[in-house]
Amino acid sequence: MFNLIDTHCDTIIEMMDKNQELFDNNLHVSIKKLMKFNSPIQFFAICLAHKKLDDYYNSYKKHVELYYKELEKNKDYIQHANTYTKILENMENNKITGILTIEGAEVLEDSIEKLEESYKLGVRSVAITWNHNNAWGHSCTDSENRGLTILGKDMLKKMNELGMIIDVSHLSERGFYDVCELSAGPFIASHSNSYEISPHRRNLKDDQLKALKETKSVTGLNLCAPFLNLTQKPTLDDCIHHLDKMLNIAGEDSVGLGCDLDGIQTPEFELCDVSKMDILHDRCLTAFGKNITEKIFYKNFMRVLSDILA
């Protein structure tokens, strides 16, 4: 089988809400499903921005506790990584790597100190917004297309200092360019497709894709139906169409996978959970060849991990 890096799933949220376990479940992502691949790397997002909660930060910490509890139960199969060295160790030992992320920085409650605490808890990537504005920046839903706030710019600087990966998926277009201008290193759009193919506000326009190439940053193919095809049920061909477009504009070093599994409804085509990624892999081999397929499936995001994680 092959190597795989997927930079976005919402499995921890679904596990908490549905009382599921990580090793085997009826969700899109599980250890059993990931074991099909060679030492895969799975980013696990904690997104609470869509929930109405009295205490976002402590709820977020409960989800972090669940993540570590499940990894401890299954330590023979999966281990968390804070550093690139640990990722390489996991790969050498044929283990799955878990990377902990935040989607929607409102869980940090306007506090740089809580960002630093999250780093100590093992979070290594933060998507600044979800689908609404917060104290850190403005979302892709913002009608005025405003960017990062002063606090958000301070957050970006601190993430650069700590060695955390900045994620611009869900961020406004202006915010995207703020990150381009201000970040000291590459960043990611963990789960975003081509706007020119499917003009959804969550996708990236051609100029944004060009900016990824210029900054050595990477975007991940999202399997969410309207992000693939805004007018009809998507197919595997739509995935290849988006990948081809993004490769042509952003370049072969700036495209990966960010499937958004367990954050979206079950895809109504072949890629219905993470174990089916071999189907996409085979199609990519035919469409793009072995070298580019390896870049899409793990090498491009692996480079970002090696650049950012101390």
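Guide: The axes of helix 1 and helix 3 (residues 56-73) come within 10 Å and cross at roughly 95° (axes are lines fitted to C-alpha atoms, for helices over the stretch in contact, and angles run from 0 to 180 degrees between N-to-C directions). That angle makes helix 1 roughly perpendicular to helix 3 (under 35 degrees counts as roughly parallel, over 145 as roughly antiparallel, 65 to 115 as roughly perpendicular, and the rest as oblique). This is a predicted model, in which local features need pLDDT of at least 70 and side-chain atom pairs count only at pLDDT 80 or more, while totals for chains, interfaces and linings use all residues. Residues are numbered from 1 along each chain as its sequence is written, and side-chain values use heavy atoms, with hydrogens and water left out.

On the side of helix 1 the contact (heavy atoms within 4.5 Å) is made by I12, I13, M15 and M16, which meet K62, H63, L66, Y67 and E70 of helix 3. The residues of this contact divide into 6 nonpolar, 1 polar and 2 charged (Ala, Val, Leu, Ile, Met, Phe, Trp, Tyr, Cys and Pro count as nonpolar, Asp, Glu, Lys and Arg as charged, and the others, Gly among them, as polar).

Helix 1 (residues 11-18) also gives the largest share, 3 residues, of the lining of the largest pocket. The volume of that pocket is about 290 Å³, and 21 residues line it, with D10, E103, W130, D260 and G263 the closest to its centre (on a 1 Å grid over the protein atoms alone, a pocket is an open set of points where a 1.4 Å probe fits, with protein on both sides within 12 Å along at least five of seven lines, and lining residues have an atom within 4 Å of a point). By class, the lining of the largest pocket comprises 8 charged, 7 polar and 6 nonpolar residues.

The second largest pocket holds about 240 Å³ of space; among its 19 lining residues, C140, L171, S172, E173 and R201 are the closest to the centre. The lining of the second largest pocket divides into 8 polar, 6 nonpolar and 5 charged residues.

Another helix pair can be set beside the one above. The axes of helix 11 (residues 277-288) and helix 12 (residues 290-308) come within 7 Å and cross at roughly 140°, and these two helices are therefore oblique to each other. From helix 11, M277, L280, H281, C284, L285 and F288 meet K290, I292, T293, I296 and F297 of helix 12, a contact whose residues divide into 8 nonpolar, 2 polar and 1 charged. Helices throughout are DSSP runs (H or I, at least four residues), numbered from the N terminus.

Notes
Points joined across faces, edges and corners; volume = space filled by probe spheres on them.
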